[in-house]
Amino acid sequence: MCGIIGYCGGNPAIPRLLNGLKKLEYRGYDSAGIAFFTESGIVTVKAEGRIANTEALLRGDYENAVSVCGIGHTRWATTGRPSDFNAHPHRSGAVTIVHNGIIENYKELKAECEAAGTVFRSQTDSEVIAALADGYYRENADPVAALQKVMERLKGSYAVTALFEDRTNTVYGFRRDSPLIAAETPDGNYFASDYIAVKHLTDTYFLPEEGVVAELTARGIRYFGPQGEQRAPAPVTVTESNRDDGKGDFPHYMLKEIFDIPEAIRNTCRDHVLEGLPSFDDGLLQRLSAAGRIYIVACGTALNAGKLGKGYIERLAGIPVSCETASEFRYFPPLYGKNDCFVFISQSGETADTAASMRMINAQGLYTVALVNTPNSTIAREAADVLYTRAGVETAVASTKAYNAQGALLFLLALALGMKTGRVSAADAARKTGELTDGVPAAVRKVLTESARIRELSHRFCTAPSCFFLGRGPDFFLAEESSLKLKEISYIHCEAYAAGELKHGTIALIEKDVPVIAVISGETIRAKTINNAAEVKARSAKVLIVTDRAVPEERETADAVFTVDCPAEELFHLCAAVFFQLFAYHTALLRGCDVDKPRNLAKSVTVE
Ligand code: M6R
């Protein structure tokens with residue numbers, strides 16, 4: 001979270017810093033700012049709100065400012081509310097910094113600096129980095145040594161870039177548990193918290209090791225270890241990278257990305273289907289199929305996709321699967337064994353809790369597989385094996401096409417594991433593969449054609465401040481994802497319940513016209529969930545049923561029924577998810593919300 005950019009070169013820095021920040025804005029957009037060297041010293045311009053606010057200030061006061069070196073930041077607030085003061089960069093004495101991450105011991109460090117006379121201007125944890133660096137710099141006038149000492153004092157996670165007042169046109173950078181890359185390009189030299197900011201300039205970058213201070217000038221980048229010794233990190237060459245094609249004719253990225261879903265599924269499956277059958281590395285299948293249990297670890301929507309995967313793998317391959325919330329897993333892990341395997345799912349490949357959970361398991365020598373959408377991301381790099389979803393760049397904060405691609409890949413993996421464990425015949429695998437690769441995209445396209453009706457339903461149902469989703473088994477897993485989607489972009493309070501659980505307390509909240517949306521598929525539990533829908537209808541709730549087959553009892557119970565045709569019962573959820581993504585999208589628009597950048601959120605959650 002938070003985007004960082006740094007530039008030194010022979011070209012104007014200000015437009016480059018702003019351009020970099022715009023590419024990184026998905027990481028946070030509470031406030032933004034830049035600091036740059038001018039002939040009269042370092043100038044800092046920053047403002048609460050989107051980058052446009054900082055640009056407006058620059059136009060007014062710094063129209064003709066000339067600079068070839070600076071740093072920039074777009075913030076997702078952790079410590080200290082979004083405000084002009086809390087916006088980065090922060091300055092203390094000779095040192096100006098931007099920071100991504102969380103300094104866990106900032107209170108004690110701040111007290112120490114205050115005792116030494118530093119006056120803090122912000123409520124952030126980050127400002128203490130500038131204060132400490134300034135203190136150490138005064139002692140020995142050596143920026144690298146000062147920053148090494150700072151690192152020794154900091155607890156937590158950080159990527160930092162820093163300017164020193166009298167080290168003109170030089171940027172320093174260092175990191176721990178947070179991404180920061182350095183790149184030498186024909187346009188000049190850059191730091192960035194994500195390769196995406198420099199992708200248009202180079203396919204090679206460096207990832208400074210933890211404990212190293214990188215020094216960036218127009219001439220090049222040098223790396224210094226803890227004793228000041230020079231290091232030479234290996235370059236990372238990007239062989240593949242997602243391409244951001246913009247939002248085309250769509251009014252929002254989210255809508256465009258929902259319409260990308262058929263292609264995202266096809267592209268994802270293309271890598272893993274050979275002659276009509278699922279195809280994965282045999283070593284990977286060997287290890288997963290021999291596992292005592294597979295743990296799927298992820299956050300948010302990726303976790304919800306993992307839950308669909310649990311259903312697929314258990315049913316098709318007969319291997320027990322547990323789904324774990326990464327932020328819990330890293331501190332309260334279940335009792336896993338040495339024969340267990342671990343699958344980490346992440347669209348961004350940078351989610352802090354997921355990455356930390358994976359490191360914990362890697363450190364124990366257990367087998368890890370990453371299922372990620374972003375090539376070269378941290379989680380992709382550090383897992384023992386990696387499987388890529390090919391959804392393409394996902395820009396809207398609400399994850400949509402990544403979910404469907406993750407579900408599709410997990411379904412294929414489950415089929416392959418089912419063949420390996422002897423529970424799925426080649427003929428069945430071939431049929432199911434076809435249902436996924438051809439049937440699901442076709443079914444999704446049909447849902448997309450019904451966007452206008454879905455908008456009408458969303459306007460009819462989402463009029464209350466609260467909304468409940470019900471389902472059983474995999475229907476419940478989709479209910480959870482649908483609830484998350486609606487709440488995160490429309491700000492309506494939503495909860496998902498296993499349908500039978502509602503009457504154990506939550507039904508007390510059901511009153512006239514509270515929307516209740518029931519997900520119903522398959523025959524085994526159809527009657528049960530219909531009964532649960534009837535229970536809330538009897539209490540005057542407004543009931544919408546989303547189903548694979550509208551039976552008369554559903555029509556009698558609900559105020560409205562939406563049918564999602566799907567190629568097979570087990571693939572219903574991948575198709576019906578699209579109904580709920582559009583439903584959330586239209587609801588958010590109706591309520592005047594910023595669909596692509598919902599409040600308080602960021603696309604890549606790199607703090608815990
Ligand atoms: O990049 P990741 O898939 O690891 O992200 C996980 C969650 O942060 C993400 O899915 C989040 O819940 C989205 N805002 C959901 O739409």
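**Sheets and packed helices of the predicted model**

Phe469 has Ile517, in strand 25, as its bridge partner. Residues are numbered from 1 along each chain as its sequence is written, and side-chain values use heavy atoms, with hydrogens and water left out. Helices (DSSP H or I, at least four residues) and strands (E, at least two) are numbered from the N terminus.

Strand 23 (residues 466–471) and strand 25 (residues 515–520) run parallel and are joined by three bridges; pairing requires at least two DSSP bridges between two strands. Both belong to an open sheet of five strands in the order 24-23-25-26-27, with parallel pairing. At the edges of this sheet are strand 24 (493–498) and strand 27 (560–563), each of which pairs on one side only. From one strand to the next, the twist averages 20°. Helix 15 (residues 451–461) packs on the sheet and touches strand 25, strand 26 (542–547) and strand 27, contact being heavy atoms within 4.5 Å. The direction of helix 15 makes about 150° with that of strand 27; angles run from 0 to 180 degrees between N-to-C directions, and axes are lines fitted to C-alpha atoms, for helices over the stretch in contact. Helix 17 (residues 526–537) lies across strand 23, strand 25 and strand 26, and runs at about 175° to strand 25. The loop between helix 17 and strand 26 holds Ser540, a residue other than glycine whose phi is positive, near 75°.

Another open sheet comprises five strands in the order 19-18-20-21-22, and its pairing is parallel. Strand 19 (321–325) and strand 22 (385–388) are at its edges with a single partner strand each, so one side of each has no neighbour in the sheet. Neighbouring strands here are turned by 20° against each other on average, direction ignored. Strand 18 (residues 294–298) pairs with strand 19 in the parallel sense over five bridges, and Ile296 has Cys323 of strand 19 as its bridge partner.

Helix 8 (residues 282–289) packs against helix 13 at an angle of about 75°, with the axes 10 Å apart. The two are therefore roughly perpendicular, a term for angles of 65 to 115 degrees, whereas those over 145 count as roughly antiparallel. Helix 8 contributes Asp282, Leu284, Leu285, Gln286, Leu288 and Ser289 to the contact, and helix 13 contributes Leu413, Ala416, Leu417 and Lys420. These residues divide into six nonpolar, two polar and two charged.

Helix 13 (residues 401–420) also packs with helix 19 (residues 572–590), at an angle of about 170° and with the axes 10 Å apart. That angle makes helix 13 roughly antiparallel to helix 19. In this contact, Tyr403, Asn404, Gly407 and Ala408 of helix 13 meet Leu574, Ala577, Val578 and Gln581 of helix 19. Five of the contact residues are nonpolar, three are polar and none is charged; Ala, Val, Leu, Ile, Met, Phe, Trp, Tyr, Cys and Pro count as nonpolar, Asp, Glu, Lys and Arg as charged, and the others, Gly among them, as polar.

Finally, a cis peptide bond, with omega about 5°, joins His88 and Pro89. Pro89 lies in the loop between strand 4 (69–75) and strand 5 (90–92).

Terms used
Predicted model: local features only at pLDDT ≥ 70, side-chain atom pairs only at ≥ 80, totals over all residues. Parallel < 35°, antiparallel > 145°, perpendicular 65-115°, else oblique.
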